[in-house]
Amino acid sequence: MDNFGSEFAAGGSGGKMDAGTIMEQVKVQIAVANAQELLQRMTDKCFKKCIGKPGSSLDNSEQKCIAMCMDRYMDAWNTVSRTYNSRLQRERARM
């Protein structure tokens, strides 16, 4: 039973992957999911804020609003991420 994760990750072909490789794969999958969630939230919020009447194209003011909204959203996301990561590092250092 201890080898279940390793054999599963190796495709059940009898090959084994070490725990470090599996952890890296999981980290990559989490990062991709986080990026997709960020993009979806940013799109939803900026669309609602900037697009009053959807049409076949964006006018100049809508384009500027979308660009500025996305820039602000990314800046806020990065600030929160940096703060969260530094807090995690401080908490780990205390342990």
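Let me start with Arg72, which is found in helix H3, where helices (H or I, at least four residues) are DSSP runs numbered from the N terminus. Arg72 is partly exposed, with a relative accessible area of 41%; here buried means under 20%, exposed means over 50%, and partly exposed lies in between, with a 1.4 Å probe and protein chains only. Arg72 and Met42 stand 30 residues apart in sequence, and their C-alpha atoms are 9.8 Å apart in space.

Please keep in mind that this is a predicted model, in which local features need pLDDT of at least 70 and side-chain atom pairs count only at pLDDT 80 or more, while totals for chains, interfaces and linings use all residues. Residues are numbered from 1 along each chain as its sequence is written, and side-chain values use heavy atoms, with hydrogens and water left out.

Now to the chain as a whole, which has three helices and zero strands. Of its 95 residues, 12% count as buried.

Which residues line the largest pocket? They are Asn34, Trp77, Val80, Ser81, Tyr84, Asn85, Leu88, Gln89 and Arg92, and eight residues of this lining come from helix H3, residues 60-94. The volume is about 290 Å³, taken as the space filled by probe spheres set on grid points joined across faces, edges and corners. A pocket, on a 1 Å grid over the protein atoms alone, is an open set of points where a 1.4 Å probe fits, with protein on both sides within 12 Å along at least five of seven lines, and lining residues have an atom within 4 Å of a point.

Arg41 forms a salt bridge with Glu37 at 2.8 Å between the closest N and O atoms, and Arg94 forms one with Glu91 at 3.4 Å. Arg94 counts as exposed, at 64% relative accessibility, whereas Glu91 is partly exposed, at 35%.

Terms used:
Helices (H or I, at least four residues) and strands (E, at least two) are DSSP runs, numbered from the N terminus. A salt bridge is a side-chain nitrogen of Lys or Arg within 4 Å of a carboxyl oxygen of Asp or Glu.
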